[in-house]
Structures are given as C-alpha cells and as structure tokens.
Amino acid sequence: MWEKLVPATGPRASLALLVLRLVVGLSFVMHGAPKLEHPMSWAGPKGPLPSIPGWLQLIVCIAENVGGWCVVFGFLTPLFAFLQAFDMVVVTFVVKMARGLPYVGPRSFEVEAHLLAGALDR
C-alpha cells in the first residue's frame, strides 16, 4: 500500500537519501567543529558535563567530526551512525531535557533531536 504513495526505490528515493546523508553528515561536522579546539577538554569544568573523562570527549569529537565526513562520503556509516545517535541521546535527554529546556527556541534541544533522528535513519 505505502509503496504506491512513497516509492522506496528509484532515482527520487536515491536522491532523497543522498540529500539526507549530506545534510546530516555536514550538520554533525558543524556541530562538532567547536570541539576541535580542545578535543579532550571541550566539556570543561563549566561545560555541559563537567565530569566526563577526556577520552570520552575525544570519542565524541571524533564521532561528530570524522564521523560526519564519513557519513557524507558513505564510509563506515553504520559505525558512526551508532556513535552519533548515542551522542545525541545523551545530549538530548541527559543534558538538554534534564535542564528543562524547551523543544524550540534559542536555548532548546531541537537541533540535537533532529540530529538524533537523522542518525537513527541511517
């Protein structure tokens, strides 16, 4: 039934998946770019998770930056999609929602929720 409404194969579906991969991958790269300055201490004592160890911060930095580019080029996508989805689950539910931030607004978890959905789609 749904196949008639939304074809799962063909040139349109392939183009849609390409656009999704580009947008989600580049969004992760831009989301992780500020972390490159201090890849093992970006969370810092005044950051979102002050007690997170440096090695875990480095994994998040790699998952967002290297993983974003790998998603764009279709290399090791399942691995980085898993890491990115886990990253966005922590950011969305542990950091943003725990602080009572709204879904939409200047200080919200809208972007992280969309990145989580994009990571789960791969």
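Here's a quick briefing on the fold and on one helix pair.

This is a predicted model, where local features need pLDDT of at least 70, side-chain atom pairs count only at pLDDT 80 or more, and totals for chains, interfaces and linings use all residues. Residues are numbered from 1 along each chain as its sequence is written, and side-chain values use heavy atoms, with hydrogens and water left out.

**Overall picture**
- The protein has five helices and zero strands (DSSP runs numbered from the N terminus, with H or I of at least four residues for helices and E of at least two for strands).
- Its C-alpha atoms fill a box of roughly 55 × 30 × 20 Å along the principal axes.
- Of the 122 residues, 33% count as buried (under 20% relative accessible area, 1.4 Å probe, protein chains only).
- The accessible surface is about 7900 Å², and 73% of that belongs to carbon and sulfur atoms (Shrake-Rupley method, 1.4 Å probe).

**H4 against H5**
- The axes of H4 (residues 77-96) and H5 (residues 110-121) come within 8 Å and cross at roughly 155° (lines fitted to C-alpha atoms over the stretch in contact, with angles from 0 to 180 degrees between N-to-C directions).
- H4 and H5 are therefore roughly antiparallel to each other (an angle over 145 degrees).
- On the H4 side, the contact (heavy atoms within 4.5 Å) includes Ala81, Met88 and Phe93, while H5 brings residues including Leu115, Leu116 and Leu120.
- The residues of this contact divide into 11 nonpolar, two polar and two charged (Ala, Val, Leu, Ile, Met, Phe, Trp, Tyr, Cys and Pro are nonpolar; Asp, Glu, Lys and Arg are charged; the others, Gly among them, are polar).

Terms used. Angles under 35 degrees count as roughly parallel, over 145 as roughly antiparallel, 65 to 115 as roughly perpendicular and the rest as oblique. Buried means under 20% relative accessible area, exposed over 50%, partly exposed in between (1.4 Å probe, protein chains only).
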